[in-house]
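Subject: Structure for your review

Dear colleague,

Please find the structure below, handed over for your work. My notes on its side-chain contacts follow it.

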Amino acid sequence: MHATEALKEADRLMTICNSCRYCEGLCAVFPAMELRREFGDADLNYLANLCHGCGACYTDCQFSPPHEFAVNVPAVLAKVRNDSYLSYAWPPAFKPLFGANGMAVGLLTATCISLFLVGFVGWSAGGEMFAVHTGPGAFYRLMSHNAMALLFGLAFTYALAAMAMGARTFWLGSRQPAISPDDAAMAVSDVATLRYLGGGGAGCDVDDAGKDRRRLYHHLTFYGFLLCFAATSVATLYHYLLGMEAPYPPYDLPVVLGSVGGIGLIIGPIGLLHQKLRRGAHLADARAFGMESAFVVLLVATSVTGFALLLARETAAMGVLLAVHLGVVLSLFLLLPYSKMVHGLYRGLALLRSAAERRQHR
């Protein structure tokens, strides 16, 4: 017995695919499938998170619709994958955040927190809210560094803890292979290059492959996020080790890293959203559109408000823009464990397990 209808259908499809094995060279899913004769819920969740949704197996399959077997692996595994985010979410009380109203939840959260911070900054800074502040420490005349560090430190720690609990449940749900350094290196390489989105083995060579630029937009989003995180990390070192307070000159390393990363976090997410809208509905899980789009919108909003703050930081608008930018970033942190962000975590773990299994069955 399976917990959901999607898992039941995935079991049916994997049984058919395990008998056929025509697609075994396309990606990591089918070799991992062939190591199993029965498929429990945890095994199917693993295979679903290993799937990158390229659609090649649907195009190549002789049993895809309108055949009576109706084999549609990308769509079914997309449903299982999105259900797994809900299943592994921690704490359980927040599982409904993965619902179809994800866009409304994301925008409402960002708006409420931004308005709260506008009020908080206005209350704490008084008449300084709309004054012009320049030079090092200008931001902290409106909101102290300690208050910012505490607020965002708690939010980020919570997000990491919630995702770690979900990752633990995912990893312990089925058999755990012994992991070697080579396995870890292979998984990191697969994640960093998005190998299976661009083609693994024989390659994901679908009819409209030339129009599918998800790999490019994923890279812009992923590395843009890492550059923004690097900018924050460098700024933290500047503050605590060198005694240099923000805001920094436009040519300084934190601003350069943040600006390049911010450009990636505008182009990448918008490109991903465009690709999602133009992609065939028969390969996707329509239920997840709100949750996935909310994360994209928050990423873009983080970059846009950040650039607005950078451009207007020496004007009277700085106080409001600072509060709005901090509100959007804080919302992003709080919603990370309940957004599309978790797909990177579970897919990375799935690729790690896949690398270990392949090595052990050579």
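In these notes, buried means under 20% relative accessible area, exposed means over 50%, and partly exposed lies in between, with a 1.4 Å probe and protein chains only. This is a predicted model, in which local features need pLDDT of at least 70 and side-chain atom pairs count only at pLDDT 80 or more, while totals for chains, interfaces and linings use all residues. Residues are numbered from 1 along each chain as its sequence is written, and side-chain values use heavy atoms, with hydrogens and water left out.

Salt bridges

A salt bridge is taken as a side-chain nitrogen of Lys or Arg within 4 Å of a carboxyl oxygen of Asp or Glu. Side chains of opposite charge can pair when their charged atoms come close. The structure holds 10 salt bridges.

One of them joins arginine 36 to aspartate 43, at 3.2 Å from N to O. Arginine 36 is buried, with a relative accessible area of 3%, and aspartate 43 is buried as well, at 14%. Both residues belong to a network of salt bridges that links Arg36, Asp43 and Glu357.

Another salt bridge connects arginine 12 with glutamate 9, whose closest N and O atoms are 2.7 Å apart. Both residues lie in helix 1 (residues 5-20), three residues apart, or about one turn of the helix. Helices here are DSSP runs of H or I with at least four residues, strands are runs of E with at least two, and both are numbered from the N terminus. Arginine 12 is partly exposed at 33% relative accessibility, and glutamate 9 is partly exposed at 25%.

Arginine 21 also forms a salt bridge, with glutamate 34, the closest N and O atoms being 3.9 Å apart. This pair links distant parts of the chain, 13 residues apart: arginine 21 is in the loop between helix 1 and helix 2 (29-34), and glutamate 34 is in helix 2. Arginine 21 is partly exposed, at 30%, whereas glutamate 34 is buried, at 15%.

Aromatic rings

Rings of Phe, Tyr and Trp (its six-membered ring) pair if their centres lie within 6.5 Å; planes under 30 degrees apart count as stacked, over 60 as edge-to-face and the rest as tilted. By this rule there are 13 aromatic pairs. The rings of tyrosine 88 and phenylalanine 170 have centres 5.6 Å apart and planes at 85 degrees, so this pair is edge-to-face. It links distant parts of the chain, with tyrosine 88 in helix 5 (residues 73-88) and phenylalanine 170 in helix 7 (residues 145-172), 82 residues apart. Tyrosine 88 is buried at 7%, and phenylalanine 170 is buried at 2%. One aromatic cluster is formed by Tyr85, Tyr88, Phe170 and Tyr346.

A charge sits over a ring if NZ of Lys or CZ of Arg is within 6 Å of the ring centre and within 35 degrees of the ring normal. The charged end of arginine 353 sits over the ring of phenylalanine 170, 5.9 Å from its centre. The charged end of arginine 353 also sits over the ring of tyrosine 46, 5.4 Å from its centre.

Cysteines

A disulfide is a pair of cysteine sulfur atoms within 2.5 Å, and a search of the whole structure finds zero disulfides. The sulfur of cysteine 51 is 6.3 Å from the closest cysteine sulfur, in cysteine 27, which is too far for a bond. Cysteine 51 is buried, at 8% relative accessibility.

Yours sincerely
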